[in-house]
Amino acid sequence: MGQRAWIAASIALVIGAAAALMAMGRPWLCACGHLDLWGQVGPEQSQMLADWYSPSHVIHGILFYAIAWKLWPRWSRGARFVAALAVEIGWELVENTPLIIDRYREATMALGYTGDSIVNSMSDVAMMALGFVAARFAPLWVSVVAVIALELTALVAVRDNLTLNVLMLVAPVEAVAEWQTRA
């Protein structure tokens, strides 16, 4: 896949994702009437440009880079990037369905979660792209350290991270849920 083709495909995917989220009834911005760079923990956090879950999307990019490199070694970097972008966008669409929003509210610490704003979802996609590109240029050990650091930072700051989020979404553990809700 040539450079123009993967850039065009990437732009088309992002525009298509925004249009799909709009068709799903997702708001562009927070109903609160403002857009902050960083959403604090609470119901409005996933409505802002970035939040404590943004690092998990950077980790997605790092992991998608490794997976795509392993699965499709003969593909161009651009084709691998488009595949990773499609997976991330697919998750953003699924994540904002009533089924997953309700699942988050019942099984994770996202008690007031109502889904992402379109701006937040597009930021999540950009964070994945950042992680993908960083993994492309960084030595493997730097990517591993970055994943561990991002996971530990979120864990300490908000008692949640990608690992716990997946665990609690797929197979909730009561002890983890209790620990996450303690102040």
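Val 176 is buried, with a relative accessible area of 17%. Buried here means under 20% relative accessible area, exposed means over 50%, and partly exposed lies in between (1.4 Å probe, protein chains only). The model is predicted, so local features need pLDDT of at least 70 and side-chain atom pairs count only at pLDDT 80 or more, while totals for chains, interfaces and linings use all residues. Residues are numbered from 1 along each chain as its sequence is written, and side-chain values use heavy atoms, with hydrogens and water left out.

Val 176 lies in helix 8 (residues 174-181). Helices are DSSP runs (H or I, at least four residues), numbered from the N terminus. Leaving aside neighbours within four places in sequence, Val 176 is in contact with Leu 164, Leu 167 and Met 168. Contact means heavy atoms within 4.5 Å. Arg 77 is 99 residues from Val 176 along the chain, and the C-alpha atoms of the two are separated by 38 Å.

Trp 179 also lies in helix 8. Trp 179 is partly exposed, with a relative accessible area of 29%. Not counting residues up to four places away in sequence, Trp 179 touches Leu 155, Arg 159 and Leu 164. The C-alpha atoms of Trp 179 and Tyr 113 are separated by 19 Å. Along the chain, these two residues are 66 residues apart.

Arg 159, one of the residues touched by Trp 179, is found in the loop between helix 6 and helix 7. Arg 159 is partly exposed, with a relative accessible area of 22%. Most residues other than glycine have a negative phi. Arg 159 is not a glycine, yet has a positive phi of about 55 degrees.

Next comes the packing of helix 7 with helix 8. Two packed helices are described by the angle between their axes and the distance between the axes. Helix 7 and helix 8 pack at an angle of about 130 degrees, with their axes 10 Å apart. Axes are lines fitted to C-alpha atoms, for helices over the stretch in contact, and angles run from 0 to 180 degrees between N-to-C directions. Helix 7 and helix 8 are therefore oblique to each other. Angles under 35 degrees count as roughly parallel, over 145 as roughly antiparallel, 65 to 115 as roughly perpendicular and the rest as oblique. Helix 7 passes helix 8 in a left-handed crossing. A crossing is left-handed if the near helix is turned anticlockwise from the far one by less than a right angle, and right-handed if clockwise. Helix 7 contributes Leu 164, Leu 167 and Met 168 to the contact, and helix 8 contributes Val 176, Ala 177, Trp 179 and Gln 180. By class, the contact of helix 7 with helix 8 has 6 nonpolar, 1 polar and no charged residues. Ala, Val, Leu, Ile, Met, Phe, Trp, Tyr, Cys and Pro count as nonpolar, Asp, Glu, Lys and Arg as charged, and the others, Gly among them, as polar.

Within helix 7, the buried residues are Leu 162, Leu 164, Asn 165, Met 168 and Leu 169. They cover an arc of only 165 degrees around the axis, which puts them on the same side of helix 7. The arc is that of the directions from the helix axis to the C-beta atoms. Thr 163 and Val 170 are exposed on the other side of helix 7. The cover over the buried residues of helix 7 includes helix 2, helix 3, helix 4, helix 6 (140-158) and helix 8.

Helix 4 (residues 98-107) has Ile 100, Ile 101, Tyr 104 and Ala 107 buried. Seen down the axis of helix 4, these buried residues fall within an arc of 155 degrees, so they line one face of the helix. The face turned away from the buried side of helix 4 carries the exposed residues Pro 98, Leu 99 and Glu 106. The buried residues of helix 4 pack against helix 3 (77-95) and helix 7 (162-170).

The axes of helix 2 (residues 54-71) and helix 5 (residues 118-137) come within 6 Å and cross at roughly 45 degrees. That makes helix 2 oblique to helix 5. Helix 2 passes helix 5 in a right-handed crossing. By class, the contact of helix 2 with helix 5 has 9 nonpolar, 5 polar and 2 charged residues. Ser 54 is found in helix 2 and is buried, with a relative accessible area of 2%. Leaving aside neighbours within four places in sequence, Ser 54 is in contact with Asp 124 and Met 127.

Methods. Helix = DSSP H or I, 4+ residues; strand = E, 2+ residues; numbered from the N terminus.
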